[in-house]
Amino acid sequence: MRQSQSCDACRARKVRCVRENLEDPKQSCKHCIALGIPCTYDYRPKKRGPPNLYLRRLQEAAAAAVVAQSEQNNQTNDVASISPVSAHKPLASPVHSSLSPLQQHVQSPSLEPIMAPIQTSAPIIPPSRYPIAADSYHNQYSPVNTILPTSTGTALLPQKTDDNQSYSFPESYGGFPAYNWSYKHHQPLPVLLPSVIPPLSYYYRPHRLEDIAPRDSISLIIALFFDFVYPLTPCIHKPSFMADLHTKREERDPLFFALVMSTVASTLVQVPRSYVPMERSVVRKLAQRCYEASRHITTAAYDPPMSTHVVIRYFDCVYHFCEGNDAAQHAAFGEAAHIAVTLRMHEESSYEGLDPIECEVRRRTFWLLFDADKSMSILLGRPICLRDEDCTVHFPKELDDEYIIRSAYLPQPRGKTALVSGLNYISRIFALLGEILVRIRVDKRSPPQGQFATARLEEVQSLHSRIMGALMHTPEPLRLKQTRRHSRLPAECGGAGFRQATFAEVKDFFENPKASRANALNPFLVMQANLYVTQQLVRFVVEQYRDELVTALQGSIDEHQVAEDREAVASDLLNILHSIPIQSIATNGPSLVHKVRFVASTLLDAVRKAETAPASAARAHAFLWDFLSILSEIERNYL
């Protein structure tokens, strides 16, 4: 005979349930008798298979109907008992009565005024009567539920206009309320409810510059860009850009608005703070606001890809670099590089059929990315993204922007050096750096032996000769005035007097708005500092790898010769830094400081390891250490 089911206690303990008489269902089992507990059989096995959702919905609907009927009866009783005085009071708005607990909390009168909604008596206008400007760009998207800030920084909940759950929006830039230039009261962005997050397409529409800052202030920052930043990053065609700005193209083209915002953000973190008539904290807040305004646009605007996307993300990369946001910097650079490759900006054949302005903007932007790629590779030890052997694009034409029009290239006046020549020369230097970095990476994975190591050493020595002669034929404005190398540095190079004078000059440059800007405004002096410091950086990398190859081939190396080579690099680098006005060096910003620090730190390590060193080398290293403190002061004024 089959044994009946176990009692509840035995089932819970997972033991065998034993009874004297199996046919008597009321008899307790031996375990329950021993424990002195009641022996029950209340457990009912669950039905196998998925639950019957249809039946469950019917049960829930029936229960909800009962509850609704009960509430209706209670309301009827309450209305019947209302006094004559209270009967004339207005009922609560159905919008407020249907708010969720979180929305009711937002509208609590105990919160700060900025979080309270604005009560208006104007009727709600359906979106179809006054279409937003973005309809001409993305009219396939419909409005969504969201909370938008007004020009005073307050948050308005979406207003329901019909039974189909469509909502109307104030015609203002959702993510960026009207900008308060003084920043006396920082206005926080409203918190979006989890169920009303707008789609990316909502932000992709034209906007006014006045939504971010006064137009005159934006114009001032743009002027600073072309005075101080443009010579090093000439990836904007100035005449067409200024013409578009004058005609307010940003109010018709969202991507141009993003370009202006990224240009302003990168400029604010690159120019000395004394140039911008705002407090330092205000400058950083405005830069962040402009970057975020641009990012809202570009996040929804990748297709189709355009050269403007590359320029914007390159400027975003510069912004994050100066702000110290390393991960965001590399993410922005990665996007810029991959969009450029998608556009085939590295292939000369892709430029056929493009107008001259578009061609030169693409060429300049690509070579800026190429140079930044090699700089990050050597300074941060990262893999190369854009390899020289994959690139067939020509260098930009050495023409100033006013001689490049949409229909043709106009001749550059004789004797006038184009600003873009500085970019071309430094790109040649970084191309040589790319060649040596590729060889270093390959040799680390598979070190050359025997005749292959000898052949590699010959290649490296050839690269060394090429880098030393890379700037021999620069035009006169880019040529360093003092290029001879001192075997002994003059006494006036170092010392407390020189250091104090240099510190005073740097402080005056950054903090005195009335200080002379002549040297900083000379674009060729600014480019000189970038060119010749970069040349010494690449020269140092080549010589360092050459010494490693010699050691691998011969088993040892002449330490005295190595010390002399390091001294020569230090001496030449110091002569360069002395030959260029400190204002021109300071205008290069943190990027130049990183290059000098990279060379100096390695040189100082070599001195510590050497048992003996010539007195001239010791003085050179001591001065270089002092100069690094001055460069650190320059870098501090940009962060």
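The protein chain of this predicted model contains 21 helices and four strands. Of its 639 residues, 45% count as buried. Among contacts between residues at least 6 apart in sequence, 75% join residues at least 24 apart.

A pair of aromatic rings is described by the distance of the centres and the angle of the planes. The count for this model comes to 13 aromatic pairs. One of them is formed by F225 and F226, whose rings are edge-to-face, with 5.0 Å from centre to centre and 75° between the planes. The arrangement is called edge-to-face because the angle between the planes is over 60 degrees. Both F225 and F226 are buried. These two residues also belong to a cluster in which ring pairs link F225, F226, Y230, F241, F256, Y314 and F315.

**Charged groups over rings**

**Packing of α10 against α12**

Two packed helices are described by the angle between their axes and the distance between the axes. Helix α10, residues 307-323, packs against helix α12, residues 356-380, at an angle of about 35°, and their axes are 10 Å apart. This crossing of α10 and α12 is left-handed. On the α10 side the contact is made by S307, V310, V311 and Y314, which meet E358, V361, R362, T365, L368 and L369 of α12. By type, the residues of this contact divide into six nonpolar, two polar and two charged.

K397 lies in the loop between α12 and α13, the latter spanning 420-445. The residue counts as partly exposed because its relative accessible area of 38% falls between the limits of 20% and 50%. Leaving aside residues up to four places away in sequence, K397 touches E360, Y409 and V420. The C-alpha atoms of K397 and N424 are separated by 8.9 Å, although the two residues are 27 residues apart along the chain.

Note on methods. Residues are numbered from 1 along each chain as its sequence is written. This is a predicted model: local features need pLDDT of at least 70, side-chain atom pairs count only at pLDDT 80 or more; totals for chains, interfaces and linings use all residues. Side-chain values use heavy atoms; hydrogens and water are left out. Rings of Phe, Tyr and Trp (its six-membered ring) pair if their centres lie within 6.5 Å; planes under 30 degrees apart count as stacked, over 60 as edge-to-face and the rest as tilted. Buried means under 20% relative accessible area, exposed over 50%, partly exposed in between (1.4 Å probe, protein chains only). Axes are lines fitted to C-alpha atoms, for helices over the stretch in contact, and angles run from 0 to 180 degrees between N-to-C directions. Helices (H or I, at least four residues) and strands (E, at least two) are DSSP runs, numbered from the N terminus. A crossing is left-handed if the near helix is turned anticlockwise from the far one by less than a right angle, and right-handed if clockwise. Contact means heavy atoms within 4.5 Å. Ala, Val, Leu, Ile, Met, Phe, Trp, Tyr, Cys and Pro count as nonpolar, Asp, Glu, Lys and Arg as charged, and the others, Gly among them, as polar.
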